[in-house]
Structures are given as structure tokens and as C-alpha cells.
Amino acid sequence: MSILYENGNEERAKGNIDFINSDIRILLVTDYTPDAETHRVQSDIPEASQLGEYRLEGKTLIKTKFLADDLEIPSFSSESDITGLVLMSGTDSYDTTVLLAYLTSTDLPITPDGSDITLRWDRTTEGDGILTL
């Protein structure tokens with residue numbers, strides 16, 4: 001399931017976000033309730049809810065499906081469970097990193113224990129990929 005942030009949709013419609021050439025990232029979150037209308041940038045997510053952010057590589061678009069390479073996170077540990085993922089268009093500032101979508105999965109929550117975590121996206125023709133635009 002995914003929730004699209006309104007600001008992300010607006011920025012994409014204006015041509016300000018290019019899923020292939022922009023710095024697209026995944027933010028791991030815990031105890032966060034997304035607000036698609038009012039949450040616009042990364043600083044709108046409470047800092048205590050942000051567990052780590054990672055750049056996506058190997059990004060592609062197939063029709064309206066956004067895909068990327070699986071995300072390998074080595075030796076991840078946290079006292080909090082990963083309860084959701086936020087897709088963002090990254091910059092060097094929390095105040096300008098645009099929120100695109102909040103992603104959930106039946107594989108969540110994940111309880112980090114210091115081992116490697118791999119986020120696998122469904123790259124099959126029938127699959128959803130990361131996000132359908």
C-alpha cells in the first residue's frame with residue numbers, strides 16, 4: 001500500500017522531480033503517521049521517527065511503474081522497529097527533501113537486530129515495483 005504526498009505530486013507535475021535523474025531515497029521510519037496534505041518535506045517527519053535514509057540505485061521507469069535495484073542495508077540496528085518507508089526526492093537539507101510516498105508492506109514491521117536488511121522490490125512484469133505513478 002502507498003500514500004502519495006500532495007506536495008510530491010505537485011512537484012512531479014511541475015517537472016521538478018525526475019525519478020531517473022533525481023536523487024531518490026528511501027527513509028526508514030518508526031511510529032510515524034503520514035499526513036499526505038500537510039507533510040511536504042523531510043523535516044515534517046519527527047526526527048525520532050527517522051531511522052535512516054538510503055539512496056536508490058539502478059532506477060528505471062516501465063510505463064508508470066517506478067523500479068530500482070534492491071536496497072542492501074548492512075548491519076542495521078535500532079531500538080525501534082521499522083514500520084514504514086518514505087520515498088523522497090533528496091537534497092542536502094531536511095527542509096527541501098520532498099516527500100513522495102509513504103510505503104507499507106505485509107513484510108513490516110522489521111525488528112532490526114544488527115544483521116543485514118535487504119529491501120526487495122517486485123521487478124516482475126506483473127509486479128508493482130516500488131511505486132506506480
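Q: Which strands make up the open sheet of three, and in what order?
A: In this predicted model, the open sheet has the strand order 4-5-10, and the pairing is antiparallel.

Q: And which ones are the edge strands?
A: Strand 4 and strand 10 (131–132) are the edge strands, each pairing on one side only.

Q: How many bridges join strand 5 and strand 10?
A: Strand 5, which covers residues 65–67, pairs with strand 10 over two bridges, in the antiparallel sense. Within this region, Phe-66 stands opposite Leu-131 of strand 10.

Q: Back to strand 4, where is Ile-62 placed?
A: Ile-62 lies in strand 4, which spans residues 60–62.

Q: New topic: how many residues has the largest nonpolar core?
A: The largest nonpolar core has 24 residues. Those with the most contacts inside this core are Ile-26, Leu-56, Leu-87, Leu-119 and Ile-130.

Q: Which elements give two or more residues to this core?
A: They are strand 2 (24–29), strand 6 (71–73), strand 7 (84–89), strand 8 (98–103) and strand 9 (117–119). Strand 8 gives the most, with four residues.

Q: What is Leu-119 in contact with?
A: Leaving aside neighbours within four places in sequence, Leu-119 is in contact with Ile-26, Leu-28, Asp-70, Leu-71, Ile-73, Leu-85 and Ile-110.

Q: Which residues does the second core include?
A: The second core is separate and has nine residues, among them Leu-27, Val-29, Ile-45 and Val-86.

How values were computed:
Residues numbered from 1 in each chain as written. Predicted model: local features only at pLDDT ≥ 70, side-chain atom pairs only at ≥ 80, totals over all residues. Heavy atoms only, no water. Core = buried A, V, L, I, M, F, W, Y, C linked by side-chain atoms within 4.5 Å. Buried < 20%, exposed > 50% of the residue type's maximum accessible area, 1.4 Å probe, protein only. Contact = heavy atoms within 4.5 Å. Pairing = 2+ DSSP bridges.
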